Amino acid sequence: FARLDHPVEFEALDDQPVDLVFLLLAPESAGADHLKALSRTARVLRDAETVAKIRGTADASAIHAFLAESATSTA
């Protein structure tokens, strides 16, 4: 996860510049697990309140907690 200091244009569906970036790495043997993780991340980031919390803190532990909390509530 990275929060960009200067958002970049990325031809996003909402026409907004991108400032939150996630990198997902998985071993070749993971099968479709990476798709499940990507789907969960996308669901979490559709929640405007969670995104606002992520943008509002620099504390890595808090960001992890926001993501984990939201993932649990949307699972």
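**Ground rules.** I number residues from 1 along each chain as its sequence is written, and I leave hydrogens and water out, using heavy atoms for side-chain values. Because the model is predicted, local features need pLDDT of at least 70 and side-chain atom pairs count only at pLDDT 80 or more, while totals for chains, interfaces and linings use all residues.

**Entry 1, helix 2.** I looked up which residues of helix 2 (residues 48-55) are buried, and found Thr 50, Val 51 and Ile 54. Seen down the helix axis, these buried residues fall within an arc of 100°, so they line one face of helix 2; the arc is that of the directions from the axis to the C-beta atoms. On the other side of helix 2, I noted Ala 48 and Glu 49 as exposed. Here buried means under 20% relative accessible area, exposed over 50%, and partly exposed in between, with a 1.4 Å probe and protein chains only. Helices (H or I, at least four residues) and strands (E, at least two) are DSSP runs, numbered from the N terminus.

**Entry 2, the loop between strand 1 and strand 2.** I checked Glu 11, which lies between strand 1 (2-8) and strand 2 (18-21), and its phi is near 55°, a positive value in a residue other than glycine. Asp 15 is found in the loop between strand 1 and strand 2 as well, with a phi near 60°. Most residues other than glycine have a negative phi. Glu 11 counts as exposed at 80% relative accessibility, and Asp 15 is exposed at 62%.

I noted a volume of about 780 Å³ for the largest pocket. A pocket is an open set of points on a 1 Å grid over the protein atoms alone, with protein on both sides within 12 Å along at least five of seven lines, and lining residues have an atom within 4 Å of a point. The lining has 26 residues, of which Val 18, Leu 20, Val 21, Phe 22 and Leu 45 lie nearest the centre. Helix 1 gives the largest share of the lining, seven residues.

I found Leu 24 in the loop between strand 2 and helix 1, partly exposed with a relative accessible area of 43%. Leaving aside neighbours within four places in sequence, Leu 24 is in contact (heavy atoms within 4.5 Å) with His 34, Ala 37 and Leu 38. The C-alpha atoms of Leu 24 and Leu 35, 11 residues apart along the chain, are separated by 9.6 Å.

How values were computed:
On a 1 Å grid over the protein atoms alone, a cavity is a set of points where a 1.4 Å probe fits but cannot get out, and a pocket is an open set with protein on both sides within 12 Å along at least five of seven lines; lining residues have an atom within 4 Å of a point. Grid points are joined across faces, edges and corners, and a volume is the space filled by probe spheres set on the points.
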